[in-house]
Each structure stands twice: as structure tokens, then as C-alpha cells.
Amino acid sequence: MKLKGTKTEQDFRERLINSHKSLFQDQSNERLLNVLRNSFPEMRTAYFIGHTPEQGEDLYRILINTDTIALLELDRYNHDTKPIVGKVSVREYTKGLNKMDQIKMAVALDLAQRDLE
């Protein structure tokens, strides 16, 4: 998908940049960042694609570099519970996304590509 500089893209870009900063700088995300670093040692950058809080766990979809989507499930209350970690390729993940999620993904990929240059 080609980016056009629309208001929607700008909004996604701002949110993705803020979540990126939060992941790497906020103490509250230290556990999540450690899980990512241990599971994806090749990670040089990451962007939140989605977060779903469930009753006792948090489900995350995070773009790693420009080629992988990390699928994480972290227990919210028991930090000793081993996280569930999966991954899919960006190509596989993007199949069937709705228009808004396609735009969000395109912006995240653009940001990640810039980080890796």
C-alpha cells in the first residue's frame, strides 16, 4: 500500500511513534520489552500493531523490524507465568486486513524501515 500523507496516516504515525517510545522507554513496559528481546534477539525496532486486554492477560501484536509480527500473551497478574510467544510473517499477517488496519500496517512498516536505515 502506498502512503499518501492523509490525516488518518498522520494519526496512526503519531500513535505508533508514541507507543514505540513507550515500549523502549517506559518502566511499565519493561517486562514486555524483555520478552521481546529474549524471543527476538534480532529485534532492532518494534511497533505496536494491536493490544487486546483480556480478563487475566494482555494480547499483543507487535511489528518486529520489517518482516515479523510477534504474537504475545502475557499474564497480567502472575509475572512468573511463562508468556506465550508466536510469530507470523508480515506478508501472512496482512492478508485479509481491513482498510484501516492496512493503513496502520503500512505506516508501521514505513516507520520501521526508517529506523533500520
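This is a predicted model: local features need pLDDT of at least 70, side-chain atom pairs count only at pLDDT 80 or more; totals for chains, interfaces and linings use all residues.
The ring centres of Phe48 and Tyr60 are 5.9 Å apart and their planes stand at 55°, so the pair is classed as tilted. Because Phe48 belongs to strand 1 and Tyr60 to strand 2 (residues 57-64), the pair ties together parts that are 12 residues apart in sequence. Phe48 is buried, with a relative accessible area of 14%, and Tyr60 is likewise buried, at 11%.

The largest nonpolar core comprises 16 residues, among which Leu16, Tyr47, Ile49, Leu63, Ile69, Tyr93 and Met105 touch the most other members. At least two residues of this core come from each of helix 1 (7-25), strand 1 (46-53), helix 3 (90-94) and helix 4 (99-116). The greatest contribution is that of helix 4, with six residues. Beyond its neighbours within four places in sequence, Leu16 is in contact with Tyr47, Phe48, Lys104, Val107, Ala108 and Leu111. A second core, separate and made of 15 residues, includes Leu36, Ala46, Ile62 and Leu72.

Helix 4 consists of 18 residues and spans 26 Å from its first C-alpha to its last, close to the 26 Å expected at 1.5 Å a residue. At its start, a side-chain oxygen of Asn98 comes to within 3.1 Å of the backbone nitrogen of Met100. The buried residues of this helix are Ile103, Met105, Ala106, Val107, Ala108, Asp110, Leu111 and Ala112. Their cover includes helix 1, helix 3, strand 1, strand 2 and strand 3 (68-75).

Four salt bridges are present in the structure. In one of them, the side chains of Asp11 and Lys7 meet at 2.8 Å, N to O. These two residues lie four residues apart in helix 1 and are therefore separated by about one helical turn. Asp11 is partly exposed, with a relative accessible area of 27%, whereas Lys7 is exposed, at 56%.

Arg76 and Asp58 form another salt bridge, with the closest N and O atoms 3.0 Å apart. This pair links distant parts of the chain, 18 residues apart: Arg76 lies in the loop between strand 3 and strand 4 (84-89), and Asp58 in strand 2. Arg76 is partly exposed at 28% relative accessibility, while Asp58 is buried at 11%.

Within helix 4, Arg114 and Asp110 are four residues apart, about one helical turn, and form a salt bridge whose closest N and O atoms are 3.0 Å apart. Arg114 is exposed, with a relative accessible area of 53%. A network of salt bridges links Arg13, Asp110 and Arg114.

Technical notes. Residues are numbered from 1 along each chain as its sequence is written. Side-chain values use heavy atoms; hydrogens and water are left out. A nonpolar core is a set of buried Ala, Val, Leu, Ile, Met, Phe, Trp, Tyr and Cys residues joined through side-chain atoms within 4.5 Å. Buried means under 20% relative accessible area, exposed over 50%, partly exposed in between (1.4 Å probe, protein chains only). Contact means heavy atoms within 4.5 Å. Rings of Phe, Tyr and Trp (its six-membered ring) pair if their centres lie within 6.5 Å; planes under 30 degrees apart count as stacked, over 60 as edge-to-face and the rest as tilted. The expected span of a helix is 1.5 Å times one less than its number of residues. A polar contact is a pair of N or O atoms within 3.5 Å; within protein, one must be able to donate a hydrogen and the other to accept it, and residues adjacent in sequence count only if both atoms are side-chain atoms.
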